[in-house]
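Could you walk me through this protein, please? I am new to reading structures and would like to see how its parts hold together.

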Amino acid sequence: MEKPMTDVSQSQEWLLLAEHFEQIRPIHLKQHFEEDPTRAESFTFEDCGWYVDLSKNLMDSTTLKLLLDLAKACKLSDAIEEMFSGQKINKTENRAVLHTALRNCSNTPVFVDGEDVMSLINSVISRMEKVAERIRSGKWRGYTGEKIKTVVNIGIGGSDLGPCMVYEALKHYSDRSLEARYVSNVDAAHLIEQISDLDAAETLFVVASKTFTTQETMTNAATARKWLTDQLGSEDAVRNHFIALSSNREKVVEFGIDPANMFEFWNWVGGRYSLTSAIGFSLLATLGKDIFKRLREGFHSVDLHFRNSPLERNIPVLMALMGIWYNNFFRTQTYAILPYSQYLHRLPAYLQQTDMESNGKSIDRSGQPVPFDTGPVIWGEPGTNGQHAFYQLIHQGTKLVPCDFIGFINPLAKSGDHHEKLMANFFAQQEALAFGKERSILEEEGIAEDQIPFRVFTGNRPSTCLLAEKLTPESLGSLIAFYEHKVFVQGVIWNIYSFDQWGVELGKQLSIKILDELKEGERDGLKHDGSTNAQIRHYLTNKIR
């Protein structure tokens, strides 16, 4: 494949977009809709169970054509095929990127270094299903013979954010006699508060760490192990109450976990893309294999759509191009994810990692500084909570914030007219952002002149609507996959590596040295900068011993 251009901002396609941007920038969304009565139909796309309306974005058909031309100039279709075919597109770590194989429900062969990895994946999933079913049925017993009632997943990053988000999202489908809890923060408060009301005899810990050396995870695991053995009075209890999600058999055995209860995943699975791997074990245990299978099928439907659909009808591609348009031409700095579903309250946090750890890069694939903005800051909260918190800034502030509104036609939790009120806000907020409220309307309403400037809404604030029939395992899997592939497309266009995360390493390395200093309590001889030295001395001087 021909290598992509190093500086896409110097391409003819980018320069045409920049010229077009100056032409279209003054045009209000009202004018776009007035000039094109069919605009909503033209910019609405339906596939994989989702209705995606892009019409309230600050663009027209020319914008979309020019953005698609840019994607084609960056050889996007070739890049998509490289990922799906198992080529080592994670160049800095010399790894393939095959989270798509984890949910390959069609079971077509996927090769890495000449080996079909589907047999490995299917073997691990089969073993996971059998163990999860033993837990669900009560055949798995704790050390004292009790059934397991709580599964505590100990991980961090992708080993926590993904399964935790999905568990919360699909809690409606869960077996309420078997609860999942999630621990990630090395702050002891997180673990202590999650286990303080549990009975050790009925608790199963799932330790999720590929290397089984991750500092936060293994610190929490060691504390959980001590709590369990203290409660049950024997080191032998570990075998009945711990499962490992790891590739380091030696460390797992050293910890005391039966290797028969270790489920592996591979270096071609990035942590933030791993929830349909062994990392999803807590979901299998609490939701069951049928729900987990349906979740994977939702992912797979979008994988097929992304790989096979033409770019101009390809939902993740179109979402990505909208992001490029705002990030690089409107120069927006953030992007809001606004799910109108309490079940999706952890989705913004999950997508923060998916996007910001992937595309928070300033060096391109040739090792040179990127001459334009890359990944935006991702944030958000569920509606309607966010309306009473930060929507003021989105509506009337000085910053342009593109928004994704995510909603469902039919609710899982039904009570009175709750859902109608929720969805009325869902539609109304998008309308208000797009079209605002003019001075003339306020005058007609008899608003006092000195109050009018404060009540004008300029509108012309962009949003995308993603609407599905119901929050199901399939629709959730599809939604997550849309965003995964959106991030990949943007990485291709920006010519950055989206599947490494070297930016998390330096702080880890420095913390190891500082940890020794904190444990030794030696205030003299510190060799950091003046600020860090002063902070450490203040900490040590005031620490209660």
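Is Phe-435 buried, partly exposed or exposed? Phe-435 is partly exposed, with a relative accessible area of 21%; buried means under 20% relative accessible area, exposed means over 50%, and partly exposed is in between, using a 1.4 Å probe and protein chains only. Before we go on, a word about what you are looking at: this is a predicted model, in which local features need pLDDT of at least 70 and side-chain atom pairs count only at pLDDT 80 or more, while totals for chains, interfaces and linings use all residues. Residues are numbered from 1 along each chain as its sequence is written, and side-chain values use heavy atoms, with hydrogens and water left out.

Let us begin with the aromatic rings. Rings of Phe, Tyr and Trp (its six-membered ring) count as a pair if their centres lie within 6.5 Å; planes under 30 degrees apart are called stacked, those over 60 edge-to-face, and the rest tilted. By this rule there are 27 aromatic pairs. In one of them, Trp-14 and Phe-329 sit 5.0 Å apart, centre to centre, with 40° between their planes, a tilted pair. Trp-14 belongs to helix H1 (residues 12-24) and Phe-329 to helix H15 (residues 315-330), so this pair ties together parts that are 315 residues apart in sequence. Helices (H or I, at least four residues) and strands (E, at least two) are DSSP runs, numbered from the N terminus.

Now back to Phe-435, whose ring partner is Phe-33. Their ring centres are 5.3 Å apart and their planes meet at 75°, so the pair is edge-to-face. Phe-33 lies in helix H2 (residues 29-35) and Phe-435 in helix H18 (residues 418-435), so parts that are 402 residues apart in sequence are tied together here. Like Phe-435, Phe-33 is partly exposed, at 23% relative accessibility.

Rings can also gather in groups. Trp-14, Phe-21, Trp-325, Tyr-326, Phe-329, Phe-330 and Phe-372 form one aromatic cluster. Rings can have charged neighbours too: the charged end of Lys-486 sits over the ring of Tyr-335, 4.2 Å from its centre, and Arg-225 lies over the face of Phe-255, at 5.5 Å from the ring centre. For this, NZ of Lys or CZ of Arg must be within 6 Å of the ring centre and within 35 degrees of the ring normal.

Next come the salt bridges. A salt bridge is a side-chain nitrogen of Lys or Arg within 4 Å of a carboxyl oxygen of Asp or Glu, and the count comes to 24. Asp-113 and Lys-88 form one of them, at 3.2 Å from N to O. Asp-113 is in the loop between strand E3 (111-112) and strand E4 (115-116), and Lys-88 is in the loop between helix H5 (76-84) and helix H6 (99-102), so the bridge ties together parts that are 25 residues apart in sequence. Asp-113 is exposed at 65% relative accessibility, whereas Lys-88 is partly exposed at 29%.

Other bridges lie within a helix. Glu-297 and Lys-293 have their closest N and O atoms 2.5 Å apart; being four residues apart in helix H14 (residues 289-308), they are separated by about one helical turn. Arg-439 and Glu-443 form a salt bridge at 3.4 Å, and they too are four residues apart, both in helix H19 (residues 439-444).

Which residues of helix H16 are buried? Among them are Leu-347, Tyr-350, Gln-353 and Asp-355. Ten of the 13 residues of H16 are buried, so this helix is largely enclosed by the rest of the structure. Its buried residues pack against helix H8 (158-169), strand E10 (334-339), strand E11 (377-379), strand E12 (403-408) and helix H21 (473-494).

Finally, look inside. In soluble globular proteins, nonpolar side chains tend to be buried together. A nonpolar core is a set of buried Ala, Val, Leu, Ile, Met, Phe, Trp, Tyr and Cys residues joined through side-chain atoms within 4.5 Å. The largest one here has 125 residues, and those with the most contacts inside it include Ile-406, Trp-268 and Leu-476. Apart from it lies another core, of 25 residues, among them Val-152 and Ala-244.

Conventions
Contact means heavy atoms within 4.5 Å.
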